[in-house]
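Here are my notes on the helix packing. Please read them with the model open.

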Amino acid sequence: METVENYRSYKYWWLMLIIGILSVLCGIWVFRNPVESYFALATYFCIMFILFGINEIITAFSHQRYRSWGWGLATGIIDVIIGCIFLANLEWAMDILPYAVGFILMFLGINFIGRSSQLQAWKVSNWGWVLAGGILTLIFSFLIIFHPLFGVLNIIVWTGLAFIFGGISAIMFSLALRK
């Protein structure tokens, strides 16, 4: 059973401190260099597309005895091709990134709205918060889709803030471990 003492006896607390400091510095870099950070995010988007495609291909080959494994293979091949095309033409990736994020958030918002109705039917308290979160996610997704510049700025701001607040949390956690 884990106890506070087990955490506090952790002798490598300083690793989390270093990670936290680097994360805060990375967040500051994102705000100071928005174009370069957006370029890095677009590159990351392309690489993840390729990796997800490779995963789909491997999964398809490992599930050949199942029906419709070929669709997974086809999806994986298409993902790898699209990822390679975007990686070779990063300007395209940078142009499409706000739309990709916007559509992902749109489907996420719709999913939250649907889940809130399930929670309400099950008489789970606080289902309204899930509904409100879904509606807000949907609104922001439309802002990103219909105003791509808002999407670009939003992606940069939220990425920078995530690094900074994640870093602060890591620093605070490391200091708690040190005591």
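Predicted model: local features only at pLDDT ≥ 70, side-chain atom pairs only at ≥ 80, totals over all residues.

**Notes on helix packing**

1. The buried set in helix 4 is Gly72, Leu73, Gly76, Asp79, Val80, Gly83 and Phe86. These residues lie on the same side of helix 4, because they cover an arc of only 165° around the axis. An α-helix has 3.6 residues a turn, so residues three or four places apart point the same way.

2. What covers that buried side? Helix 3 (34-62) and helix 5 (90-121) are included in the cover.

3. Helix 4 itself runs over residues 69-88, 20 residues in total. From first C-alpha to last it reaches 29 Å, close to the 28 Å expected at 1.5 Å a residue.

4. Helix 3 also packs against helix 7 (residues 148-178), at an angle of about 90° and with the axes 10 Å apart. The two are therefore roughly perpendicular. Pro34, Ser37, Tyr38 and Leu41 of helix 3 meet Val152, Ile155, Ile156 and Thr159 of helix 7. By class, this contact has six nonpolar residues, two polar and no charged.

5. Helix 2 (residues 13-32) packs with helix 3 at about 110°, with the axes 5 Å apart. This pair is therefore roughly perpendicular too. Trp29, Val30, Phe31 and Arg32 in helix 2 meet Pro34, Glu36 and Ser37 in helix 3. By class, that contact has four nonpolar, one polar and two charged residues.

Conventions. Residues numbered from 1 in each chain as written. Heavy atoms only, no water. Helix = DSSP H or I, 4+ residues; strand = E, 2+ residues; numbered from the N terminus. Expected span 1.5 Å × (residues − 1). Buried < 20%, exposed > 50% of the residue type's maximum accessible area, 1.4 Å probe, protein only. Arc of directions from axis to C-beta. Contact = heavy atoms within 4.5 Å. Axes fitted to C-alpha atoms, helices over the stretch in contact; angles between N-to-C directions. Parallel < 35°, antiparallel > 145°, perpendicular 65-115°, else oblique. Nonpolar A, V, L, I, M, F, W, Y, C, P; charged D, E, K, R; others polar.
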